[in-house]
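Please examine the sequence and the model displayed below. The paragraphs that follow lead through the chains in turn.

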Amino acid sequence: MAQTSTDITSLQSSQATRQPRQRQMSDLRIMQLFILPTVILLILMNIFPLIYSLYLSFTNYSVIADKAPEWIGIQNYTTILSDQRFWANFATTGRYALISVILQTLIGFGLALLLRNKFKGSGLVTTLILVPMMLSPIVVATFWKLMFNPSLGIFNYLLGYTDINTSPLWLGDPNLALWAIVIVDVWMWSPFVMLLCLAGLSAIPEYLYEAAAIDRASAWFQFRRITLPQVMPLLLIAVLFRTIEAFKQFDLVMGLTSGGPGDVTETVSIRLYKLAFQGQYDTGMSSALAYIILIIIIAVSNLYIRSLNKARGA
Amino acid sequence: MATIELKQVEKKFGESYAVKPLDMTINSGEFIVLLGPSGCGKTTTLRMISGLEAVTSGNILFDGKDVTWLHPSARDIAFVFQFFALYSHLSARENIAFPLQAQGVKREEINQRVKAVAEMLKIEHVLNARPGALSGGDQQRVALARALVRQPAAFLMDEPLGALDAEFRESMRAEIKQLHLKQNATTVYVTHDQVEAMAMGDRIVVMSNAVVQQAATPSEVYHNPANLFVARFIGSPGMNLIQGTYQAGKIQLPGSNVMTVPEAWKQTLDSKLPADGKVIVGFRPEAVEVAADGEIHSTTYASDLHGGYTMLHLQLDRDVIVHARAAREMRYQLSETVRFNVQPNMVRFFHPETEAALQNGSHTT
Amino acid sequence: MMANQTYQAQSPVNFSTRVDKVGRRPMIASAIKGIVAIIIAFIMLIPVIWMGMTAFKSLSDAVSVPPKVFFTPTVEGFVNLFTQQRQLTDAEVAQYQERTDLNWAEQLVLQRQKTIIGQSQFAGQLLNSLIIAGASTIFSVIFAVLSAYAFSRFEIPGKDDLLFFILSQRMLPAVVVTVPIFLMYRQLGLYDTHIGMIFLYTSFNLSFAVWLLKGFIDEIPKEYEEAALVDGYTRLQAFRKVVLPQAVTGIAATTVFSLIFSWNEYAFALMLTSDRARTAPPSIPLILGTGGIEWSTIAAGSMLFLIPVVIVTFILRKHLLRGVTFGAIRKG
């Protein structure tokens, strides 16, 4: 013991040979340097475009016209707000978002309840069910278009329609086209709701159920008083997130119907795209519409991020 | 080894104090324990000494040199964390060598020093393992080795045994103490465990509410607590503290008891108490002497066997209970009358308003 | 596969099988649930399976009515996907049939009286997708690691607002920001360029990556760096030698998510590229053969495009939850 202790002390001399310390960057400098690239990129690619398009929204500019933007005040906004077609676009978007989010919530929660019980291979099954949400929406839309095809698609056959003359024309029928998009959206995103609900379910402490069982609570009571309230925060996050995503949905609609037939599935994003990049290339008007969408999205995402932060804190 | 001085060091988080202005000198080679309940400012104090936390104002001196604004790496200290802070991507050997590499020590010397320190801590056999594969005790030994290998000016330890199992804790306590005796390194050790503090510290600094309550040797802290907080906090259970009224050499205690004040204290009590004579009498459970002709009457409320001794809970009045340590073979029925005296040299008195201990200048322990 | 012993012990189903010992109903119920789950998983995968089957159908099998479930697999769709073809006249067909120097692909298209006259654009578009997704991922992960560390460890004035702002970028619909970016790019000559798309995707992924990585870095105890700091390392060295190695899992997960998002992106690519920098997603629905929609070709393209994502989904399965909630929610 004494031996080792002298060993250690004998090494002490080497301290003197330590090299002089380099000058160090202060934490403040490091912090600034570390967030600088992110902030610059955000300003360049987000703030600047947003300011620019705010300006454009008050002009009659068109990118294909060889003419400088001309200030027209709030005319674009009044046009949009007084045009029946825009209101129809918003109604379509709202209807689509509402129906698909409700269905996703129900199906996603249901799937989570099914899968919370571990069984042999449940991990594999869970992952398989999650596959759709990771896929490229435009590619999803493309192969669903094939599925929906009234003659060569498999969808109607799976539903039991064997006669192509009487089977529904999903994408061509004005009454069904929006539902077709809803079906694909639900197919793709119910797994997302399921994933969040599973996380919520797995976090419920077992003793709550044990206590309830000892108190002879019925299964329904347990579901209503334990399961549902415990999963609620995560379910809320899922619902808000899906609402935002449904509201901005572009890829699926574009891939499946491009807004048709006629304009029955024309959501605001599709309308915005058509306004900005087709026909007259009405840049000013499209910027105004973009701003209206932006305000709605910011309002919903505010709620969303707040509940995210709450979940993070909990 | 360094002398560490804190001069009017304070730390505020926003408007609230984590540490109120504090003066403290830690002598070279001393083992100081910062003790207190959680949130009392002990860890903040330690982190200010290390430089991991910036002071709000005041100065910190190492061997007379002002290091207040020096980067932690420039202070030549070693810090042992509660959860060891071993890098899971490095082996135990690499973890121990890590601080030496920072200083650009030559490879040969690193190997030699790691070997020496590993021998000292008896962890040679785990050097190639990753921290995740080690037991809690070995992880802590590796963390200690990482601190020791530096030969730093001071060791700072933040509840280093807090994450260990009870049985490990006891043996590691002895190991750290042993190391300190061998190395004689200035050590500042933070804990909320008073047993640890009593066992290890040359001096204990008791903190509460961002303020140092008492800084003294373990026995001084135990026998002569500076105020009611220390009296309650140290010892398990803490000191018996009973409110009484002093008058002419006698103290009226609850349950119509009267206690005679020891001769040595009479003058102090005559002069230092408030006019109404209110006083708080304090004595440790082991100061109670059960005797048939004892001056204080009580009834047994409960009696716990502790193996080595029996702890009696004696009721003086409805809600005044005294803990008394009695011989292990003593057995009492509930509600039995027990009479006792308090050893005159072990009784202490506290001012009811300032809560400070009264001093009579002739303390004995 | 994910079900390990300890996890099972905590799951409430065991409670019901254990506490409700009376009767075997709970056991049966859970078996039924399992079977139902498997059936649902299968139903959910039908579209993907159907697409995979279509990719291996011949052009005529793909358009047969009613749809064929059993067919002779062929790689015709893949050949069509990567080649440009020309219709042959009857005389040419006869001439081609005589030839012995045709490779297997040429022989395959000859059955439909066509010949290969060159490469299609698809390979180039896949390559564009790869380059743009890869480069933008590298940049966004590097930037994100740095700022996530800063956000995790330092007191930054207005940090919560800044973080909120960063995430809100992710919420914006692509179409909303595209118009001004389109104008800006046209001005700067970045329209339809790789650099422009890399730049755009970097910023697009950055907000997500910052949040995800901040979650991972928050989990690395501060003590690790503090130990390094008192051991004599600078903040930067501590970051490099301690934080980065500990954050490897998080960085890997973020990288893969960022890759997937860029790989899948459609709206920006549709509006900001036309030819040189066009990626695969806007092209896949537009794959047209010489005669009508060639479903097996489209399916072949889709499948090639989706396979990497499916594989990655399995690799990432433990991190999916974190990924899709920006690191806010972790499984305990």
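Which residues of H3(B) are buried? They are Arg113(B), Val114(B), Ala116(B), Val117(B), Ala118(B), Met120(B) and Leu121(B), where a residue is buried if 20 or more other C-beta atoms lie within 10 Å of its own, exposed if 12 or fewer, and partly exposed in between, with the C-beta atoms placed from the backbone. The model is a predicted one, in which local features need pLDDT of at least 70, side-chain atom pairs count only at pLDDT 80 or more, and totals for chains, interfaces and linings use all residues. Residues are numbered from 1 along each chain as its sequence is written, while chains are lettered from A and ligands numbered from 1 in the order in which they are written.

Helix H3 of chain B covers residues 107-121; helices (H or I, at least four residues) and strands (E, at least two) are DSSP runs, numbered from the N terminus. The expected span of a helix is 1.5 Å times one less than its number of residues. The 15 residues of H3(B) should therefore span 21 Å, and this agrees with the 21 Å between its end C-alpha atoms. Just after H3(B), Lys122(B) adopts a positive phi of about 55 degrees.

Helix H2 of chain B, residues 92-102, is mostly covered, with 9 of its 11 residues buried. Those buried are Ala92(B), Arg93(B), Asn95(B), Ile96(B), Ala97(B), Phe98(B), Pro99(B), Leu100(B) and Ala102(B). The cover over the buried residues of H2(B) includes H3 and helix H4 (136-148) of chain B. Just after H2(B), a positive phi of about 70 degrees is found at Gly104(B).

Chain B as a whole contains 9 helices and 20 strands, and 44% of its 365 residues count as buried. Its C-alpha trace spans about 75 × 45 × 35 Å along the principal axes. Two residues are in contact if their C-beta atoms, placed from the backbone, lie within 7 Å. Of the contacts in chain B between residues at least 6 apart in sequence, 65% join residues at least 24 apart.

Chain B is divided into domain 1 (4-232) and domain 2 (240-350), with bounds that come from an automatic or database domain assignment. The centres of these domains of chain B, taken over C-alpha atoms, are separated by 39 Å. Contact between them involves 4 residues of domain 1 of chain B and 4 residues of domain 2 of chain B. On the domain 1 side, the residues divide into 2 nonpolar, 1 polar and 1 charged; Ala, Val, Leu, Ile, Met, Phe, Trp, Tyr, Cys and Pro count as nonpolar, Asp, Glu, Lys and Arg as charged, and the others, Gly among them, as polar.

Chain C has 18 helices and 2 strands, and 49% of its 332 residues are buried. The contact between chains A and C takes 90 residues from chain A and 89 residues from chain C. Helix H2 (residues 27-56) of chain A gives the most to the chain A side, with 15 residues.

Confidence remains to be considered. The model scores ipTM 0.82 and pTM 0.80. Chain C averages a pLDDT of 82, pLDDT being the predictor's confidence in each residue, from 0 to 100. Over residues 1-23 of chain C, pLDDT stays under 50. Where pLDDT is low, the predicted coordinates should not be read in detail.
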